[in-house]
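Student: Could you take me through one part of this model in detail? I would like a close look at the aromatic contacts and what surrounds them.

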Amino acid sequence: MAGVASSNRQRSKVAPYLMILPALAYLVVFYVVPFVSLFRTSLSKMEGSVYLPTLTFAWDFSNYGQALTEYREQILRSFGYALVATVLCALLAFPLAYVIAFKAGRFKNLLLGLVILPFFVTFLIRTLAWKTILADDGWVVSALNAVHLLPSEGRLLSTSWGVIGGLTYNWIVFMILPLYVSLEKIDSRLLEASRDLYATNRRMFGKVILPLAMPGVLAGSMLVFIPSVGDFINVNYLGSTQNTMIGNVIQKQFLVVKDYPAAAALSFVLMALILVGVLIYTRALGTEDLV
């Protein structure tokens, strides 16, 4: 009997590790191995021709110095565009998420479906659609020119605002959904109590709703900011060579120039900067009850 009990205890200890084994194997094969390979590439030297390049591992940290000096402008532009797009997503998503959570009633599921519906269309097709919408002879530019919101000969394509608009549209759903989840979890009795204590709508928002929605703001901000920094599709179709982001540089280094060490070093610099930014941001806002 004692032997059976001991065997059962041994199985109960081993079972959790067996359950996570497939996930660990997946991470090793598809994340750790490529990560190590990319790191080796970033410290290698290119030899041979462009058509038949060879890599020699040489602990060449000059690739990182080149990444930080030659492409500083593109790095700063990428973070600037991503930051503006994240703020715009938050400003646009919060009212919509609030309405869905508190005011939609039986239409809640319908509105959520309408929010998600456009994202059944591929990222590339949605971006191309915006290229048509923002075209110089399109109705958007004509309308803005009619109310003098664009300067003479003004345009939206091939501008910073065109790129930021594309980033905002393509990633806003990842801000709406976390915000909705956080807002939907708020007990309506807290709002009623704040009204009973004669709180104005502004004070109720600042003291009750916003603090309780911060986990959604934090999660949504990261889900929007991180892919926006590395994006290159929006610049290709909505921007110009004056709006190049670091994702475009990495793409070109990998696929056109074929300078694999420089591209790998740029990728690691980007990952490191994003990681530092995310750690600072989460430390500032806190991660308790993160949805």
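Tutor: Happy to. The protein averages a pLDDT of 86, and 91% of the residues score at least 70.

Two notes on the basis. This is a predicted model, in which local features need pLDDT of at least 70 and side-chain atom pairs count only at pLDDT 80 or more, whereas totals for chains, interfaces and linings use all residues. Residues are numbered from 1 along each chain as its sequence is written, and side-chain values use heavy atoms, with hydrogens and water left out.

Now to the rings. The structure holds 15 aromatic pairs; rings of Phe, Tyr and Trp (its six-membered ring) pair if their centres lie within 6.5 Å, and planes under 30 degrees apart count as stacked, over 60 as edge-to-face and the rest as tilted. One of them joins F35 and F268: the centres are 5.0 Å apart and the planes stand at 65 degrees, so this pair is edge-to-face. The pair links distant parts of the chain, with F35 in helix α1 and F268 in helix α13 (residues 260–285), 233 residues apart.

F268 counts as buried, at 11% relative accessibility, whereas F35 is partly exposed at 32% (buried means under 20% relative accessible area, exposed over 50%, partly exposed in between, with a 1.4 Å probe and protein chains only). F268 also pairs with F39: their centres lie 5.5 Å apart with planes at 65 degrees, so that pair is edge-to-face too. Since F39 lies in helix α1 and F268 in helix α13, the pair ties together parts that are 229 residues apart in sequence. F39 is partly exposed, with a relative accessible area of 33%. Y31, F35, F39 and F268 form one aromatic cluster.

A further ring contact involves R40, whose charged end sits over the ring of F57, 4.4 Å from its centre (the criterion is NZ of Lys or CZ of Arg within 6 Å of the ring centre and within 35 degrees of the ring normal).

Methods: pLDDT = per-residue confidence, 0-100. Helix = DSSP H or I, 4+ residues; strand = E, 2+ residues; numbered from the N terminus.
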